[in-house]
Amino acid sequence: MKATMMTEKMMYSTLRLESNGFTATGFIYKTSNGNFVVISNRHFAEKKDLDKLDYSLTSINDCIEFNIHLNDGSNYLLKDVVTWHLHSSTDLAFFQLNPLLNKHSKNIVPKNYEFIALDSSLIPTQKDLDNLTAIENVLMYGYPNGQFDVVNNYPLMRSGITSSHPSVDYNGEKKGLVDIPCIPGSSGSPIMIINEGIYFQKGKGNICGSRIYFLGIEHASPMRFLNNLIQKIPNPVKPSTHIYQTINNIYLKIDMSLGIYIKSSELQGFSGVFKSLGI
């Protein structure tokens with residue numbers, strides 16, 4: 001398939017990352033110096049819950065495997081040890097892609113790698129965000145529960161709307177909410193606004209053209225909790241009927257079908273690390 005629309009090109013921007021039985025989504029990002037990194041969530045790199053992340057760490061080594069597209073339509077399974085560089089204040093991490101591609105390039109000759117990277121030009125400014133409406137259509141590309149198109153190595157595409165205004169920092173943090181179910185494996189998925197054709201802009205009405213914003217990176221899902229259930233059971237006195245009894249002392253987490261994303265502007269927090277690594 002030749003990707004011509006941005007909605008199609010995004011299918012070549014994400015990677016299904018697997019490590020020690022855990023899966024997550026990563027996406028390819030091009031630095032200002034033209035080097036490539038893979039960005040995902042810190043909690044995947046550390047293999048820890050969000051409330052247990054060790055922010056004293058700046059890097060961690062891990063064995064990662066993922067399939068990457070080749071230009072003849074096939075895929076190459078790349079497996080190697082990488083160094084995750086950890087964001088100092090939020091749930092983001094990256095590893096360098098160029099050294100891996102160079103190391104494994106001899107295994108794919110005469111083929112070439114084929115991927116499309118996101119970059120800073122797609123990150124909306126605050127002015128861009130202020131021009132958005134409270135409810136915008138969004139797309140998420142990733143691998144919920146590790147699911148993907150195994151034959152073609154394509155991610156799953158999910159659509160929804162913004163649940164918090166994109167221009168506002170939700171709860172005072174550089175985060176926002178989307179109305180898309182986000183389950184394990186979706187962590188690290190890029191959240192995009194992609195309008196191809198006609199879109200509505202606040203203060204201007206309908207506009208003919210295209211608009212592409214890299215809104216953020218999915219990293220968590222709000223949950224609600226139950227500590228008791230009501231069970232329907234046969235009535236011991238009259239078996240043809242039922243009675244209801246309460247089951248106590250349980251603890252259930254229930255997905256609210258929402259996703260929390262870290263704003264893409266937080267990737268600027270890696271600029272110092274990129275510079276120190278010469279990338």
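Buried here means under 20% relative accessible area. All views below come from a predicted model.

**Figure 1. Serine 264 sits in the loop between strand S16 and helix H5.**
Strand S16 spans 259-263, and helix H5 spans 271-277. Serine 264 has a relative accessible area of 1%, so the residue counts as buried. A polar atom of its side chain lies 2.5 Å from the backbone oxygen of phenylalanine 214. Leaving aside residues up to four places away in sequence, serine 264 touches Ile123, Pro124, Phe214, Leu215, Gly216 and Ile217.

**Figure 2. An open sheet of six strands takes the order S8-S7-S10-S11-S16-S9.**
The pairing is antiparallel. Strand S8 (156-161) and strand S9 (175-178) are the edge strands, and each pairs on one side only. From one strand to the next, the twist averages 40°. Inside the sheet, strand S11 (residues 205-220) and S16 run antiparallel and are joined by four bridges.

**Figure 3. Strands S4 and S5 pair over eleven bridges.**
Strand S4 covers residues 59-69, and its pairing with S5 is antiparallel. Phenylalanine 66 has leucine 78 in S5 as its bridge partner. The two strands form a hairpin with five residues between them. In that hairpin, glycine 73 takes a positive phi near 95°.

**Figure 4. Strands S5 and S6 form a hairpin.**
Six residues lie between the strands. S5 and S6 run antiparallel, joined by two bridges. Histidine 85 stands opposite phenylalanine 94 in S6.

**Figure 5. Phenylalanine 44 and tryptophan 84 form one of the ten aromatic pairs in the structure.**
A pair of aromatic rings is described by the distance of the centres and the angle of the planes. For phenylalanine 44 and tryptophan 84, these are 6.1 Å and 85°, and the pair is edge-to-face. The pair links distant parts of the chain, 40 residues apart. Phenylalanine 44 belongs to helix H2 (residues 42-46), and tryptophan 84 to strand S5 (residues 75-86). How buried are the two partners? Phenylalanine 44 is buried, at a relative accessible area of 4%. Tryptophan 84 is also buried, at 0%. Ring pairs join Phe44, Phe66, Trp84 and Phe95 into a cluster.

Phenylalanine 94 lies in strand S6 (residues 93-96), and phenylalanine 270 lies in the loop between S16 and H5, so the pair ties together parts 176 residues apart in sequence. Phenylalanine 94 is buried, with a relative accessible area of 0%. Phenylalanine 270 is buried too, with a relative accessible area of 0%.

**Figure 6. Two charged side chains sit over aromatic rings.**
The charged end of arginine 42 is placed over the ring of tyrosine 55, 4.3 Å from its centre. Lysine 47 lies over the face of phenylalanine 44, and the distance to the ring centre is 4.5 Å. Lysine 47 belongs to the loop between H2 and S4. With 26% relative accessibility, lysine 47 is partly exposed.

**Figure 7. Backbone geometry at lysine 47, asparagine 153 and proline 110.**
Most residues other than glycine have a negative phi, and most peptide bonds are trans. Which value does phi take at lysine 47? It is positive, near 60°. Asparagine 153 also has a positive phi, near 60°. Asparagine 153 lies in the loop between strand S7 (137-142) and S8. Its relative accessible area is 4%, so asparagine 153 counts as buried. The peptide bond from valine 109 to proline 110 is cis, with omega near 10°. Proline 110 is found in the loop between helix H3 (98-104) and helix H4 (126-130).

**Figure 8. Leucine 229 lies in strand S13.**
Strand S13 spans residues 229-234. Leucine 229 is partly exposed, with a relative accessible area of 34%. From C-alpha to C-alpha, leucine 229 and leucine 132 are 42 Å apart in space. In sequence, the two leucines are 97 residues apart.

Note on methods. Residues are numbered from 1 along each chain as its sequence is written. This is a predicted model: local features need pLDDT of at least 70, side-chain atom pairs count only at pLDDT 80 or more; totals for chains, interfaces and linings use all residues. Side-chain values use heavy atoms; hydrogens and water are left out. Buried means under 20% relative accessible area, exposed over 50%, partly exposed in between (1.4 Å probe, protein chains only). A polar contact is a pair of N or O atoms within 3.5 Å; within protein, one must be able to donate a hydrogen and the other to accept it, and residues adjacent in sequence count only if both atoms are side-chain atoms. Contact means heavy atoms within 4.5 Å. Rings of Phe, Tyr and Trp (its six-membered ring) pair if their centres lie within 6.5 Å; planes under 30 degrees apart count as stacked, over 60 as edge-to-face and the rest as tilted. A charge sits over a ring if NZ of Lys or CZ of Arg is within 6 Å of the ring centre and within 35 degrees of the ring normal. Two strands pair if DSSP finds at least two bridges between them. Axes are lines fitted to C-alpha atoms, for helices over the stretch in contact, and angles run from 0 to 180 degrees between N-to-C directions.
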